[in-house]
Amino acid sequence: MIVIGYQGIGKSTLSQRSFKYIDLESSALRKGDVRWHNWYEPYCMIAEWLSKQGYTVFVSSHKEVRDYLNEFCEEPFCAVVPSEAIKDEWIERLRERHKRLPTDKNYRAYMNAVDRFTENVREIKKDIADVREIDSMTYELDKLIEKADTPQTDAEITELAKEIVHK
């Protein structure tokens with residue numbers, strides 16, 4: 001499973017707690033403020049390969065990543081985003097994270113949310129069919145992901161049943 005994760009959802013934290021999860025850091029494909037034009041292709045291919053090995057792989061929510069996964073990915077994937085209803089709390093969370101750990105990455109995440117939170121969340125929800133929303137500041141990321149692995153609608157359950165019968 002590949003999980004497109006909005007900034008600050010807990011990708012790194014969950015990955016540090018369990019070897020089942022890998023936080024595939026996209027900033028590793030950056031030199032200063034520069035990325036090469038197709039950085040997302042090897043990034044997504046690595047994510048897909050790791051997913052095929054049985055890991056749950058967290059990837060960035062960049063538009064290029066979403067588009068690539070939609071077009072080429074054969075592995076299941078979903079997105080996890082905070083609800084627009086908790087926008088102010090989420091931005092404060094990112095501000096506090098930057099204050100606690102003042103890295104360039106945390107600063108960029110905080111400023112991006114200040115400038116584009118609503119737009120980012122809406123774009124992700126528009127681009128990705130399977131989105132899990134965080135609706136309060138107290139949540140368990142692993143439970144949201146497990147939910148993404150489970151059929152949610154009657155149509156999905158019916159389709160899964162057909163696949164099982166035909167095997």
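Biologist: Which helix gives the most to the lining of the largest pocket?
Modeller: Happy to start there, with the note that this is a predicted model. The elements that each contribute two or more residues to that lining are H1 (11–17), H3 (63–72), H4 (87–100), H5 (104–127) and H6 (141–149). The one giving the most, with nine residues, is H5.

Biologist: Which residues are the closest to the centre of the largest pocket?
Modeller: The largest pocket holds about 1,100 Å³ of space. Its lining is made up of 43 residues, and the closest to the centre are Tyr-6, Gln-7, Gly-8, Lys-11 and Arg-97.

Biologist: How wide an arc do the buried residues of H4 cover around the axis?
Modeller: The buried residues of H4 are Trp-90, Ile-91 and Leu-94. They sit on the same side of H4, because the arc they cover around the axis is only 100°. A helix of this kind has 3.6 residues a turn, so residues three or four places apart point the same way.

Biologist: Which exposed residues are on the face of H4 turned away from its buried side?
Modeller: On the buried side, the residues of H4 pack against E4 (77–82), H5 and E5 (131–134). The face turned away from it carries the exposed residues Asp-88, Lys-99 and Arg-100.

Biologist: Is Ser-26 buried or exposed?
Modeller: Ser-26 is found in the loop between E2 (21–23) and H2 (40–52). Leaving aside neighbours within four places in sequence, Ser-26 is in contact with Arg-35, Trp-39, Tyr-43, Ser-60 and His-62. Its relative accessibility is 6%, and the cut-off is under 20%, so Ser-26 counts as buried.

Biologist: How far apart in space are Ile-86 and Ser-136, C-alpha to C-alpha?
Modeller: Ile-86 lies in the loop between E4 and H4, and it is buried, with a relative accessible area of 5%. Beyond its neighbours within four places in sequence, Ile-86 is in contact with Ile-134, Asp-135, Ser-136 and Met-137. Ile-86 and Ser-136 are 50 residues apart in sequence, while in space their C-alpha atoms are apart by 6.7 Å.

Conventions: Residues are numbered from 1 along each chain as its sequence is written. This is a predicted model: local features need pLDDT of at least 70, side-chain atom pairs count only at pLDDT 80 or more; totals for chains, interfaces and linings use all residues. Side-chain values use heavy atoms; hydrogens and water are left out. On a 1 Å grid over the protein atoms alone, a cavity is a set of points where a 1.4 Å probe fits but cannot get out, and a pocket is an open set with protein on both sides within 12 Å along at least five of seven lines; lining residues have an atom within 4 Å of a point. Grid points are joined across faces, edges and corners, and a volume is the space filled by probe spheres set on the points. Helices (H or I, at least four residues) and strands (E, at least two) are DSSP runs, numbered from the N terminus. Buried means under 20% relative accessible area, exposed over 50%, partly exposed in between (1.4 Å probe, protein chains only). The arc is that of the directions from the helix axis to the C-beta atoms. Contact means heavy atoms within 4.5 Å.
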